[in-house]
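Open the model in your viewer and keep the selection panel at hand.

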Protein chains: 2
Amino acid sequence: MINSIDRFLSRSGKSTKRSAIREILKHLQKPGMISFAGGLPAPETFPVEELNMIIADVLRNEGAESLQYGTTEGEPALRNALAGRYLTSGMTIHPENILITTGSQQAIDLAARIFIDPGDYILCGLPSYLGALNTFLTYGAKLKGIPLDESGINPAELERTVDHLRQLGRKVKLIYIIPDFQNPSGITVPEQRREQIISIAEKYDLLIIEDSPYREVRFEGEPQKMMFELDHTGRVLTFCTFSKIFAPGFRIGWVMANPVILDKLVMAKQTSDLCTSAFLQRIIAHYIDKGLLEKNITKTIGLYRSRRDFMLRCLSEYMPAGVTWTKPQGGLFLFLTLPAGVNGEELLKRSLEKNVAFVPGSTFFCNNTGQNTMRINFSFSGNDKIEEGIKRLAAVIIESKSGK
Amino acid sequence: MINSIDRFLSRSGKSTKRSAIREILKHLQKPGMISFAGGLPAPETFPVEELNMIIADVLRNEGAESLQYGTTEGEPALRNALAGRYLTSGMTIHPENILITTGSQQAIDLAARIFIDPGDYILCGLPSYLGALNTFLTYGAKLKGIPLDESGINPAELERTVDHLRQLGRKVKLIYIIPDFQNPSGITVPEQRREQIISIAEKYDLLIIEDSPYREVRFEGEPQKMMFELDHTGRVLTFCTFSKIFAPGFRIGWVMANPVILDKLVMAKQTSDLCTSAFLQRIIAHYIDKGLLEKNITKTIGLYRSRRDFMLRCLSEYMPAGVTWTKPQGGLFLFLTLPAGVNGEELLKRSLEKNVAFVPGSTFFCNNTGQNTMRINFSFSGNDKIEEGIKRLAAVIIESKSGK
C-alpha cells in the first residue's frame, strides 16, 4: 500500500499543506462552541421561501436547459441580469465582459493559473485574504506584502516596493487588492487612492485584481467607484460573488475583465470544471429579475449593521485596556489588535478550550507578522452569542495578559 | 487599452488556446442543426418532477445548512449515500475515501495539479477524452498515446512505452484510462486486462487515473470490476459523475482514492473553489436515499440502448462501403472509421453546411493521427433526428469519397 506519495507530487502538490489553523478549527463542531472564525453569512438572510417558488418555475419552464451542460462563459440570462444591475447603478458593463465562476474563489484560481509562473511576484496588503494568498502560493507566486494605513495599501510604499523588486530583477505581475471592507482589516480604499494605485499599475505595467466580495454590504458612508470603472487601460480584473448577498451554498461568482483577459479565463475555466451549474445560475437570474436580490441586500445590510454595532458595544464593555479594533463601514469582520507580546495563535488554543473561536490575524500576513492581531466575524452569530462570545474572549485575553 | 496580454501570461496561460473545433461548434445554434457532437445526455432523463418535491423538502428541513458554505470534502449525506450504493453492489468504500467535486472535470484538474510538473509524462489511449488531454496539457504534461486494440490499451505496448521513456530519462507519472465504454472509442477493458495494466503500474511505480463517467450506463454484457477495486496498492484514483445518470446541470462528481492522495486533492480543491454546492449535494443525497437514482438509471439505459440500436441500423442502411463503426455495450458514443484519405475535419466543415455536426476523431488523438475517424453521439437526439442526421452525414461522406 502506498503510504507516502511524495515521489509523485508536483511542485504545486508539494506546496499545498494543511494549515494548522484549519486543523484547529475542526473543533468548531464541539457543542456549545461560539464561532467568530469563518466568514459565514447569517442563515436568516437566505431566501428559502422565495427560492421554492422560483425553482418550481425554473424546473417547469426551463427544466431541460437548466439541467443540461451550459456554456463555459455562463448562462446568458445571468450575465444579462448582472449587466442590467450595473446599468441601473450607472455603470455600463456588457454581458460579454462577464464570466460566471464557481464562487469567486474560482476566479482567483483561474487568474493565478493564466498569469502566475513560479517566482512571479504578487503585491498584496498586509494583511490580506488568506484564501487568495494560499491559491497564489500553490502556483509558486512570491508574495510581497505592502503595509496598510487607514486608507488601505499605501501608494508610496507600493511604488517603492515595485521599484525595488524591479531593481533586483524580479518579475512583478500583479497587485491583489480588496478595496471595499477589506478582509480582514475592514478598510475601504478611497476613490482618490484607487486612482493612485491604478496609476502605479499603469506606470509599471502591472495587472490589478480587485477582489470585491463585500462591496454591496455597506452599512453607511458613500460607495467609492470600483477600480474596474476607474481603470481606462483594461488592466483591472474584478471578482464578485453572490455568497455574501444571497447564499454561499450556490457557489456562484462573477468576473469582469477586458475581453482579451476574459477570453483566457474562459479557456482556463473550461479545463477546470467545464461550466458552472446552469440550474443555479438560472435560479439567481430569476431572483434578480424579480427584484428580490435588492430586497435581500437591504435586509442583509440592516441585520449585519445591527450585529456590527452590537459587537462593537460588547468590545467596549468587556475588552481590557490595550486592545483596539476597527469600525468598518461594511463587510463581515472586525480586526482586533492585542497588546504587543500577546500571540493570537496561542490565544486561539486557549479560546477553543473556553468554547469561542476566531482566526488569528497572523494567518493573513504573508510576512509572518501580525502575531498580536485577530479577525472576528459579526455576521453569523445572533446577539446573545455575540455577547457571550466576546465575554469569553475578553476573559482569555485578560488571563493571557496577566501571564497565566 | 491593453490589447495583447502575452507579456503577462504564465506558461499555462500561453498554452491554453481556443480549439478550432470549439470555434466550429459555435455553429450548433443554427436553426435546423442536428448535433451528434457533444456528449449531452437526453433531457428526457432529467428528473424534473421528482426534483421539485425533493428540493422543497431540502429547503424546508435543511435550508440553513444547504445554503451555507460546506466542507471541502463534500456533504456527509452525499458521501454516505455513495458509500451505501457501493456496499449494495458489493464494494466496501468508506465515506472518508470519497471527495465530492464540481463535476468530474474538476477531479481531472485537481489530480493534474497535485501530480503534474511541466515535462512529466502521462500515458493515455489513442484516442482519449479530449477534455482530460487539454487539462493535462495546461499543466505542461507530455502526452504519450498507446494504441488501443479491441480490449483497450494494449499492455505489451504500454510496457514497451514506459520502458522506452524511462531509458530516455523521462519522468513517467501516470496512466490515464477510461475502462468502461471509453470516450470516444466505446471500448470496455476486460477485467483480466485491467489487472495486467495495474501490474505494470506496480512494476514501474506509476499512478492510474480511472476516469469512469459512463460505467453505470451499460446496455448489455457483464460489468467488469472497477480498477479501483482490483488495485491493492492504492495507486488507482477513480473519477465518477452524476452528469450521465442524473443531470450535468448539477456539476457534481466524486473521486475515490487512497486517503493520502485524497487528502492532497482536498487541499487542492480548497484553493480551487473552496467547496461544491452543499445545496445540490444534499438534493442528490435525498434523490439517492429515496431509491430514485436507480430508477432513473434503468430508464436512461433503456432509452440510450434503443437510440444506440436505432443509430446502428441507420448507419447500416445509409453509410457507404468502407465506413466502419463500433458497437459499444454502453456509454453515449459511436466511433466511425472512414476510408483512408477522408479527413474528418474537412468533413465537419461540409457537414455543418448540411446542418449536421459531429466531433472529428483526430481531436482525441494526442499524436495528430486519426484523421479519418469521427465520434458521433447517440444519447441526445430522438430517432427522427438520428435518421435524418445519419442520412445527411452519409451523403456528405459519399460526396467526399467521390472527390466532389
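Two residues count as in contact here if their C-beta atoms, placed from the backbone, lie within 7 Å. This is a predicted model, in which local features need pLDDT of at least 70 and side-chain atom pairs count only at pLDDT 80 or more, while totals for chains, interfaces and linings use all residues. Residues are numbered from 1 along each chain as its sequence is written, and chains are lettered from A, with ligands numbered from 1, in the order in which they are written.

**Stop 1: where the chains meet**

Show both chains. The contact takes 66 residues from chain A and 66 residues from chain B. Now select α1 (11-15), α3 (48-66), α5 (103-115), α6 (130-138), α10 (259-273) and α11 (278-289) of chain A: each supplies at least two residues of the side that touches chain B. Helices (H or I, at least four residues) and strands (E, at least two) are DSSP runs, numbered from the N terminus. α3(A) gives the most to this side of chain A, with 9 residues.

Colour the side of chain A that touches chain B by class: 31 residues are nonpolar, 25 polar and 10 charged. Nonpolar means Ala, Val, Leu, Ile, Met, Phe, Trp, Tyr, Cys and Pro; charged means Asp, Glu, Lys and Arg; the others, Gly among them, are polar.

**Stop 2: one copy on the other**

The same surface serves both, since 100% of the contact residues of chain A recur in chain B.

**Stop 3: chain A alone**

Chain A has 14 helices and 14 strands. Its C-alpha trace spans about 60 × 60 × 55 Å along the principal axes. Buried residues make up 55% of the 404 residues in chain A; a residue is buried if 20 or more other C-beta atoms, placed from the backbone, lie within 10 Å of its own.

**Stop 4: a sheet in chain B**

Which strands form the open sheet of 4 strands in chain B? The order is β10-β11-β14-β13, with antiparallel pairing; strands pair if DSSP finds at least two bridges between them. β10 (324-325) and β13 (359-360) of chain B stand at the edges, each with a single partner strand, so one side of each has no neighbour in the sheet. Finally, select Val359(B), which stands opposite Arg375(B) in β14(B).

Key
A residue is buried if 20 or more other C-beta atoms lie within 10 Å of its own, exposed if 12 or fewer, and partly exposed in between; C-beta atoms are placed from the backbone.
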